[in-house]
Amino acid sequence: MIMFKKDIEKLSKNLSNYEEIKGRSLWEDARIRFFKNKAAVASLILLSAILFFSFFGPLLAQWTNEEIDWSVLGDISTLGYPSFESGHYFGTDELGRDLYARVIQGTKISLMVGVVGALIAVFVGTLYGAVAGYFGGRLDSIMMRLVDILMSIPYMFVLILLLVMFGRSIIMLFVGIGLISWLDMARIVRGQTLSIKQKEFVEAAVATGVGNFTIIVRHIIPNLLGVVAVYATLLVPGMILTESFISFLGLGVQEPNTSWGALISEGAGTMRYGTLWQLLFPLLFFVVSLFSFFFLGDGLRDALDPKDR
Amino acid sequence: MLKYILKRVSVAIPTILILIIISFLLMHSAPGGPFTSERPLPDEVLKNIEAKYGLDQPMYLQMINYVWGVVTHFDFGPSFRYRDRTVNDIIAQGFPVTLKYGSWAFIIAVLSGITLGVIAAIRQNTFIDYFAVGFSISAQVLPNFVMAPILVLIFTLYLGWLPGGGWEGGQIQFIIMPVIALSTSYIASIARLTRSSMLEVLNSNFIRTAKAKGLPQYKIIFFHALKPSLLPVISYLGPAFVGMITGSVVIDMYFSTGGIGLHFVRGALNRDYSTIMGITILVGSLTIIFNLIVDILYAWIDPKIRY
Amino acid sequence: MNKTFQFFIALLISALLSSFVYAKKHPVTGEELAADQTFTYWHGDEHSSQDPQIVEDTYGANIVRDLFEGLLNQDADGNLVPGVAESWSANDAKDVYTFNLRKNAKWSNGDPVTAHDFVYAWQRAVDPATASPYSWFMDIMSIKNGGAAISGDVLPSELGVKALDDYTFQVELTASLPYFAAMTTHGTTFPTHQATIEKYGSDWTKPGNIVSNGAYVLTEHVLNERVVRERNSEYWNNADTIIEKVVTLVIPDENLGYLRYLAGELDQGPVPPGQFKKLKVKYPDQATSFPRLCNYYYTFNLSDSGIEAFRDVRVRHAMSYAIDRNVITDDILQAGQIPAYTFTPGATAGFDVPKVAFSKMTQVERDAKAVELMEAAGYGKDNPLSFTMIYNTSESHKKIATVMSQMWKQKLGIIATMENVEWKTFLDIRGKQDFEIARGAWCGDYNEASTFLDLLTTPSGYNDGKYSNAAVDKLMNDAKTSSDASSNYTTIERILAAEMPVIPLYHYAGVFMLNPQLKGWPYGNVEQNWYSRNFYKVAE
């Protein structure tokens, strides 16, 4: 027990000198765990490298993605070989176009499809799922029934029909792919919302009279972000795979634009004719990116939910 | 439980109806029709053909006739593209093919995936674990339209062990490569799911209790840990099934197996309305039934979820 | 009987037996035949039908030619030879044709093939109830009441065909057609068995039900996988048929088809695009290429919905000159295709390829002229012409379109946006003149230039570019009755070269890998009407 006034004065002087102990938020905890995960960090670096490549790569390119090099046309397997002198760093494709430029362009498009598709899924799915989960009751029943019904529809068939019907354009691709992907997200978000809804701070918000919509936006959704981020990164590879399948069917992006899927299926076709680089380079980018997205997603999940480690 | 099943079935029927309507409308809005050809048919000929296939009637009438035919005598109508065949013929020939290699791929994917996932979870952070995870992700990332020609190259051309394609009634040498190509990426995803969920279960309290009580490891895995860790895997089976059906298009194209996946894509490109509708209905119904089974399985394993 | 006698009997029997076991020899050439006379070949897609009156694609036509036989056949060089008809004659006006049928032709169930079968089949072809997509062919054969029957104005029984007796078949035409007999090699005119069709309805073409009069009978048909046909022992010329069994495998992917050919699963397989040169060096006796009766071109939309620039003949000429056709045929396709400066292929019978002006220039000269013409028309790198070019989905079309657009861009500054459209949609928009410039190709239905040039006449339903020139129309009309049509055709080609309503690119070559053991392939037949019964396999 502190008896003497001078002790109290000393104490109070010391106290004011102490810095405030900084609290560590949960986000910071997660960040630290994330950066301890070597695979996830490596993935982040690789993905940034690929992104960087897609922006600045064109500066190094000596050819455009559609220009045909007439001199190699007659005999691609010997003349189209990757080399620095000819300016075809990655070699040429079957038509004598520079593979380096085309891979860059394919990277841009595929990444865009993946990211935009995932964003659409996140946006629509999160909102839908949060609303359904929060309001519960009949609204929830109806909304989830709708999701169930939509999930039963073989989406690939609908996508093919859409593409055949509206013709091929990048917009159609985004719309089509986005339309399919939000369903899973909605289900997951709804599940999470149900458990968040029970928490005390939500109860407190309701008790103090905060409007429903504000609760959803300000309290529920931020707490979902962890799960959503994880699933979003896991969605991106799925989108890219779907897009490559569509290109394989011949329904993907229009010439002279290209995507990983289109390049890979062209390369797979010419495997036997001595032009292996046409398959290997796009496949390399494809595989590395998908790997990275997977590890990134896993890393995020481990970081945000330590139980699962 | 019975009420739950009945409720789900009663939702299934309007779902199929909606499916039919959507496919029908989409198909008919696409430019070109089944009889648009390089040598455009003179008007009279076109009129004759359209009359024969009932395409000159107003849309709603066509749709009603079609639905009636399906519901009352399972008659999916004639194919518009393969003039001597009905859609029932096409489905009767193609569906068993897809079913056969699809089921094999499915069973192998589930069994191998779960086994791989369990082993990886038990031996977490050892070489086996890293190998399993590495293999899983590689397999998921390699598209099956790259894997198929590689398989043919290796097994048909270089080794000469397997025929390059065909089906001939489904003898085993024709099934092997399609099954490998189709199941690989699903083995991978199921393995990953099993592994992560098994890890979670293994860290939970009741397992710790069992360990403390001195139960041998295999008993813990089989009798206590397996059932709950399969939950996420089971809910993944629905989308996996749909994924395999769409993946079968690639298999059909590469291995000339004659399954319904390829018939669908060809049908879409040829505007073979009746074939598309027939296959869509078939696949849609199967998906619904499958999802129902999955949900029942889920409810059986986890008593907390009973509607 | 004593042992010696038994021994000789045994020797005699075994000698007789071994003469079957020993490889047989080809009756004409004396080559030793292989023990297994099965011919396996490749289709890229499932065929549409094996009903002669309904079939509309080349794959189906190949199968129908093996299963059925018409009045006349073609030999290895494309000349007419007797089929079911032993001989035929026409009146002086060339509008009544009479065919004398052989008396020993039989259906696969033993029934005799008679003139009534042909009457039935031809009437069936124009019957609106059959809804045959090739009924228009019966119409251009100019048979009396053909068109009227198709549109339902008269009954099919009014068609100008009749059986004078069981073995004489007569056709009345509304116009004089010197080449009418050649048109009876086409599948739509093949006879069909009435009793079978009436019994089974649309199931009649299934194996087991089908009755056919050709060298083979259908024994197996699995959609999108295989078709198997086997020897028809009732065929009148069965003794000359050597190939026992014909198998068709459906392999949609050409690269895979090639792999399976190499693995020995096919006797005839595809050559993957652009690989021919290499394969010719590596497998010189297997990689084959020969001229075919088809062309490949791009058509301008000259109707009101087309763009202004294309109505300027200078622009059209410039665009046509700037294309280096040799790059397309030698570097991209590499399979012996022929650069085209005329619409009709040189391989067409009775057609001499005129040396039109721009075919005589070198490419350098053409490029220079092209630049000149474009500038005169007011376009150039600073005022670029821009438009959309459409083609249907296919690897090779894509390559050619890409090459063309690059040539135009680099030489004339043109900005050509490529649009790859799926087949049905492509036909739809091209048929509605909803395009600016579109790819086109045409294979002749019969071996005469009019099958091509008809496309560019004003009334033609296939004239998607809506090119119209009264002089051309008149020349084509006159050619029908003229004794020397070829000079008309030459004049028309010169007009086309002057007006350039289409940009002809190349004439087709048939390209495939063929097992050297398989003999008898009709390389000289530009229509590529081949018959399996003319093939045989020699021993290795």
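1. Along the sequence the pattern reads α-α-α-α-α-α-α-α-α-α-α-α. The model is a predicted one.

2. Chain A is more spread out than a compact globule, because its radius of gyration of 26 Å is well over the 19 Å that the globule rule gives for 309 residues. Its C-alpha atoms fill a box of roughly 100 × 55 × 30 Å along the principal axes.

3. How much of chain A is buried? Buried residues make up 47% of the 309 residues. As for contacts in chain A with a separation of 6 or more, 69% join residues 24 or more positions apart.

4. Chain A also touches chain C. That contact takes 16 residues from chain A and 17 residues from chain C. On the chain A side, the residues divide into seven nonpolar, five polar and four charged.

5. In chain B, look at helix H10 (residues 231–255) and helix H12 (residues 273–301). They pack at an angle of about 170°, and their axes are 9 Å apart. Angles over 145 degrees count as roughly antiparallel, and H10(B) and H12(B) are therefore roughly antiparallel to each other.

6. Which residues form this helix contact? H10(B) brings B:Leu231, B:Ile234, B:Ser235, B:Leu237, B:Gly238, B:Phe241, B:Val242 and B:Ile245. H12(B) meets them with B:Val283, B:Thr287, B:Phe290, B:Asn291, B:Val294, B:Leu297, B:Tyr298 and B:Ile301. The residues of the contact divide into 12 nonpolar, four polar and no charged.

7. Two backbone points in chain C deserve a look. C:Lys94 is not a glycine, although its phi is positive, at about 55°. This residue is in the loop between strand S4 (85–90) and strand S5 (96–101) of chain C. Is C:Lys94 buried, exposed or partly exposed? C:Lys94 has 16 other C-beta atoms within 10 Å, so it is partly exposed.

8. C:Met500 has 20 other C-beta atoms within 10 Å, so it is buried. The cut-off for a buried residue is 20 or more such atoms.

Conventions
Residues are numbered from 1 along each chain as its sequence is written. Chains are lettered from A and ligands numbered from 1 in the order in which they are written. This is a predicted model: local features need pLDDT of at least 70, side-chain atom pairs count only at pLDDT 80 or more; totals for chains, interfaces and linings use all residues. Axes are lines fitted to C-alpha atoms, for helices over the stretch in contact, and angles run from 0 to 180 degrees between N-to-C directions. Helices (H or I, at least four residues) and strands (E, at least two) are DSSP runs, numbered from the N terminus. Angles under 35 degrees count as roughly parallel, over 145 as roughly antiparallel, 65 to 115 as roughly perpendicular and the rest as oblique. Two residues are in contact if their C-beta atoms, placed from the backbone, lie within 7 Å. Ala, Val, Leu, Ile, Met, Phe, Trp, Tyr, Cys and Pro count as nonpolar, Asp, Glu, Lys and Arg as charged, and the others, Gly among them, as polar. The radius of gyration is taken over C-alpha atoms; the globule rule is 2.2 Å times the number of residues to the power 0.38. A residue is buried if 20 or more other C-beta atoms lie within 10 Å of its own, exposed if 12 or fewer, and partly exposed in between; C-beta atoms are placed from the backbone.
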